[in-house]
Amino acid sequence: MNLTDIRELDNIDPFARHRKQFQLPVNKVYLDGNSLGAMTKATATRLQQVIQQQWSQDLISSWNEHNWINLPQHVGEKIARLIGAAPEQTICCDSISVNLFKALAAALSLAQSHDSERNIVLSTKDNFPTDLYMVQGISQFVGEHRCQLKLVDENELEQQIDDKTAIVLATEVNFRTGRRLDAKQLITSAHSHGALVILDLAHSAGAMPVHLDDWEADFAVGCTYKYLNGGPGAPAFIYAAKRHHQNMSQPLSGWFGHARPFDFTPDYEPATGIQQMLTGTPSILAMAAIDSALEAFENVDLEKLREKSLQLAEVFHQLLEDAALGSSLQLISPQQREQRGSQLSYRYEHAYGLCQALIQRGVIADFRAPNYIRFGFTPLYNSFEDIWKAVEQLRQVIEAKEHLDSRWQSRNTVT
Ligand SMILES: *Cc1c(COP(=O)(O)O)cnc(C)c1O
């Protein structure tokens, strides 16, 4: 594959025009959209507007006049289309960690209303740590007889579900390896044992089609600052299937989840529907940013987006092999395309140094302990030429042994 072939792929790329909606860093190749998505030009304009007009001039009246009050619902519905959810089941708020707390508490009490002996939250050892930490926190709070975390190998997750399982807590795409689970099959299996499923879509939403309703998912959480480009620390989302709304409850019963918050009554009465998942006042600047960032997804065919994401990864790996780097960098992501998310991870002895040396040369990837380097592919704004440039820089770094530089002996706080 040569540069002409690569440019031809860009010429026929149906998403090439989407790249222009983003304000990408100059002279850099950004392959870290799975950690922090790029900024759209519309977002910069929107934030200016919110600051200059809504906040500074219209002040408190903006809650009604500019519909700030409904932003969590409004943004939630935009996300719903991307995760296969019919309206009124998705809302944008808080962080994944906090939303996990709410989903775990809601699902535990639903499961235990049928069978008080069910206390196991089943998850994988290699799950994203915050998912496991949140279960550990709840377990300490309510006691192990109500909530006990059981960790198993990713390969065994489905087989380990049994009649003691209250919740299966699974992340669809593993953040380290980029491996994608068969969420539909997992949900079917869990339901056959009477267990509920909470899916973490941090590395799925915006990168590939998700079909929560079709899969009969129970609860899901996800991120907006990764593939959805909402900005650093942008609020997350939470989904709860409509069939659970009537009977579910969550203990972070703040006033925004109240049926009539502006009645200011002393007793909590949850809102019906997904709104009961809200807790406190939403961060409007952050909500406005994610709201405008999602415009980039209007009319995007997620099947086609997925196809491009897989193709970017395939071209990356092929170029790596062509450059005879395939033996020193060991692919730990699955070989089969349907089992992959939108990233490739490689094991490399000097992964941290390699990552830093690449960043010096303007190729932004990231390092994950103990010795992995991750390349995230964001099909809305990455071009095939980005991939070409990244592999070329990688080749030069290794050839010049820049990854062994003594500057990379100690690590930064955020890797
Ligand atoms: C990024 C990520 C999170 C982040 O959680 P926050 O509480 O929003 O910081 C959670 N889970 C997974 C799988 C992630 O990749």
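1. Let's start with strand E13, residues 372–376: 5 of its 5 residues are buried, so the strand is largely enclosed by the rest of the structure. Please keep in mind that this is a predicted model.

2. Which residues of E13 point which way? Tyr 372, Arg 374 and Gly 376 point one way, while Ile 373 and Phe 375 point the other way. In a regular strand, side chains alternate between the two faces of the sheet. Both sets in E13 are buried, and buried here means under 20% relative accessible area.

3. Now for the partners of E13. Strand E10 (residues 343–347) runs antiparallel to E13, and 5 bridges join the two.

4. E12 and E13 make up a hairpin, with 3 residues between them.

5. Next, the ligand. The residues around it include Ser 95, Ile 96, Ser 97, Phe 128, Thr 130 and Asp 131, and also Asp 200, His 203, Tyr 225 and Lys 226. By type, the shell divides into 4 nonpolar, 5 polar and 3 charged residues. Helix H6 (96–114) and helix H7 (129–142) each contribute at least two residues to this shell.

6. An N or O atom in the side chain of Lys 226 is 2.6 Å from an oxygen atom of the ligand. For Ile 96, a backbone N or O atom lies 3.0 Å from a ligand oxygen atom. Asp 131 has a polar side-chain atom 3.3 Å from a nitrogen atom of the ligand. How much of the ligand's area does the protein bury? Taken alone, the ligand exposes 380 Å², and the protein buries 88% of that.

7. Finally, there is an open sheet of 7 strands with mixed pairing, in the order E2-E8-E7-E6-E5-E3-E4. Strand E2 (90–92) and strand E4 (148–152) are at the edges with a single partner strand each, so one side of each has no neighbour in the sheet. From one strand to the next, the twist averages 20°.

8. Within that sheet, strand E7 (residues 219–222) and strand E8 (residues 237–240) run antiparallel and are joined by 4 bridges. Val 221 has Ile 238 in E8 as its bridge partner.

Note on methods: Residues numbered from 1 in each chain as written. Predicted model: local features only at pLDDT ≥ 70, side-chain atom pairs only at ≥ 80, totals over all residues. Heavy atoms only, no water. Near = heavy atom within 4 Å. Polar contact = N/O pair within 3.5 Å; in protein donor to acceptor, adjacent residues only side chain to side chain. Areas by Shrake-Rupley, 256 points an atom, 1.4 Å probe, with all protein chains shown as cover. Nonpolar A, V, L, I, M, F, W, Y, C, P; charged D, E, K, R; others polar. Buried < 20%, exposed > 50% of the residue type's maximum accessible area, 1.4 Å probe, protein only. Pairing = 2+ DSSP bridges. Axes fitted to C-alpha atoms, helices over the stretch in contact; angles between N-to-C directions.
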